[in-house]
Amino acid sequence: MSDDVFVHETAEGSQELRERAATPPAELQREVGSVLRLPEGHYVDVADLDVERPDDETMIINMGPQHPSTHGVLRLMMELDGETVLRTKPIIGYLHTGMEKTGEELTYQQGGTNVTRMDYLSPLNNELVFSLATEALLGIEIPPRAVWIRMLLSELQRVSSHLMWTATNGMDVGSTTMMIFGFREREMLLGFFEKATGLRMNHNFIRPGGTAADLPDGWEDDVDLICENVTLRLDDYDELLTGQPIFRERMEGVGALSAEEAMALSATGPILRSTGIPWDLRRTMPYLAYDQVDFDVIIGTYGDNFDRYAIRLNEIRESIKIIRQVLERMPAGDYRVQDKKVTPPPRARIDESMEALIHHFKVFTEGYKVPEGEVYAAVESPRGELGCYLVSDGSAKPYRLHVRAPSFVNLQSLPVMLRGGLMADAVATISSVDPVMGEVDR
Amino acid sequence: MGARAPRGRAPGDAEVSGDLPVVTLPPEGVVTAASAGQEIVLPARDRYHDVVAAYRDGGYELLSDLCAVDYLAHPPRALPGGVAPERFEVVATLVSPADRRRVRVRVQVPEDDAAVDSLFDLFPGCEAMEREAFDMFGIRFRGHPDLTRILMPDDWEGFPLRKDYGVGRVPVQFKEAPGPR
Amino acid sequence: MGLEDLQHNFLTGTLEDLVKWARRNSVWPVTFGLACCAIEMMAVGAADFDISRFGMEVFRASPRQADLMIVAGRVSQKMAPVLRQVYDQMMEPKWVISMGVCASTGGMFNNYAIVQGVDQIVPVDVYAPGCPPNPETLLHAVLTLHEKIRTGEITRRRAAAGPAPEELAGWVPERPEAVRLGTPK
């Protein structure tokens, strides 16, 4: 590598990228020298390496985008010294779907179908944040039953997502039994979602104005059964994993992050809480009815993988607690706001009344106009702060839909966590960051 | 591990000792307003970095979101405080964990000189978000360590989320309707 | 391999049946889960919709050891060359199941970022629609693939010689005109 500076010529002009030796020490110190600054299409030619220098024995390898760790299409460009990871560069974009552009072409009623496919492990949270942003712009208030139904579904999604995480984390660390266990519980939850919303995943159920339909009859028994079963089986997982020496050795002290680093890197969710900062949007900036239910915010101490595992496991328990409270206190009433502008008429009325038919037609084809303005709404998804920045120009389609995806931002803390660890630790750490590439790339 | 300690108050600190800088927020001479019940700040482009630094010193230690908007196809808008609207806007949302408050900083970026200061020295976590804004809109961030495409392939031409860039629909055999959807 | 070069007769016919039985009862997929469909693919691999009953629970990470590529999820422009490379690295015989509408046709994302159907890049044997397809739909696709392997032909039949090169000269493939069904322009 004869040039100190790789000048990458593009149509927009040249962009300079510096080799590690030419990186100013101030910048190296700032990033702890963890982020690998090389162009992504760069092929390291062995002939260019100066073999005389002994400390130039690092190699740059590629992990992904297709690899068996089940976290989707993430590519990591790693600089290795033997087995030890020095610098990393996460390369994303392999699942870029242009959802923000598509969101500008869909009406607000259709927007849920688009947004829900971002974080596909907890799709109702995406719909929730989009609906909250739209309702803030519309200036409508939704009835209490709709709020509590949304809260119930959101917490059930959190349980399902954390179970999925425990399953895949267990498999990444080596325990395929955990994978089968986690999916077994998840099937119960998905069966309930199918009964209530019609689909196992990507439901498009939480819409601006409330929810698409009321909960089915007998839902209390189903949810009660879920809570009971999950609570029992959680103790099984505790027994399988928490006390087990191999699991502990693989997870404790690995991928550690300090509180200042996490805050500086804008990490949220279990990553931030594992460093000891009690930041949970459900408690600190409550939305829906989270200020009326009683639950604990779980925090860790060391910021390592084991803390994040323990946080997620216990968050399942806290979610079950919330779900039980919702079961007891679910109010009666409408499942969506009775505002003619936003809410289509009940399906039965379409056969009876011409007006209802026209109204239904208009809401579903033309859409309703949302007043001009911009708003940012945020919820606590299982991965962190999921935000939606919505700009409206007064028409029936969003002018700009931007979703602040927690995994996109959390991935920046990955190089800092991986530094100094081994390759095998890298797999466990990636898993504990819990990235969902659908929302990373959007 | 070598990261800086946060300046201003730490989260959860109720009492503040005298040697921490006292910052008045919002900073002087900066337009503030409310939008849908949320606090927004509209600094001039040359004061953007200092305003965000002031907020950071005042306890807003978490950069929650940074995105860009292209107002090309928007009907003419009037911004509060007589701020001149430009084609692009860079929107940064800051959170104060101690006060549990959010503030949104919106800076206008003109089309012919689409560049603005990077917040990387204040918030290293803005790196990926600024890269995305560059990739999707073509806005350059001065002082960003690695301003390259992040979502699109490296050799992609054009900036997809700009309003003069089409959706890229492929005509489907049975639907000849030209408009979106 | 050798079997394709043999002429079909009653001996190789029985051998062919045996080979087809072996091939369809242990089709090993390569891990190519991209998006939401990948979650349903994992659910198929788990206990409730056990794919192990068909001998397929071994998802091989290396394409060299795999027979089947289940493209589960939307394929973006950046991922397309990777997809082709993984397909090329698989050994014959290989099959492709396009799982979900995004892989089959681009799905609900008809825009600049998504390849409109993975059959633009690799040849597809079975398409499984759904967004995402139920695990049972994916199992149906797998069984359809097994049926396709069972009824497919390996050894050469006499009638499969094809047209002589002279007949092919000057032949232009027919491009059907899109029929407008009276929709306004």
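Two strands count as paired here if DSSP finds at least two bridges between them. Keep that in mind for this predicted model.

Let's start with the sheet. Along the way, A:Gly387 stands opposite A:Arg404 in β10(A). Zoom out a bit and you get an open sheet of 3 strands in chain A, ordered β8-β9-β10, with antiparallel pairing. The edges are β8 and β10 of chain A, each pairing on one side only. On average, neighbouring strands in this sheet are turned by 15 degrees against each other, direction ignored. Helix α4 of chain A lies across β8 and β9 of chain A, at about 150 degrees to β8(A).

Here are the helices, all from chain A:

| Helix | Residues |
|---|---|
| α4 (chain A) | 123–138 |
| α5 (chain A) | 144–173 |
| α12 (chain A) | 305–329 |

Now for α5(A). Its 30 residues reach 43 Å from first C-alpha to last, close to the 44 Å expected at 1.5 Å a residue. Is α5(A) mostly covered or mostly open? Mostly covered: 28 of its 30 residues are buried. Just after α5(A), A:Gly174 takes a positive phi of about 130 degrees.

The axes of α5(A) and α12(A) come within 9 Å and cross at roughly 155 degrees. Angles over 145 degrees count as roughly antiparallel, so α5(A) and α12(A) are roughly antiparallel to each other. Their crossing is left-handed. Residues of α5(A) including A:Trp148, A:Leu152 and A:His162 meet a set in α12(A) that includes A:Tyr309, A:Ile316 and A:Val326.

Notes: Residues numbered from 1 in each chain as written. Chains lettered and ligands numbered in written order. Predicted model: local features only at pLDDT ≥ 70, side-chain atom pairs only at ≥ 80, totals over all residues. Helix = DSSP H or I, 4+ residues; strand = E, 2+ residues; numbered from the N terminus. Axes fitted to C-alpha atoms, helices over the stretch in contact; angles between N-to-C directions. Contact = placed C-beta atoms within 7 Å. Expected span 1.5 Å × (residues − 1). Buried ≥ 20, exposed ≤ 12 C-beta atoms within 10 Å, placed from the backbone. Parallel < 35°, antiparallel > 145°, perpendicular 65-115°, else oblique. Left-handed = near helix turned anticlockwise from the far one by under 90°.
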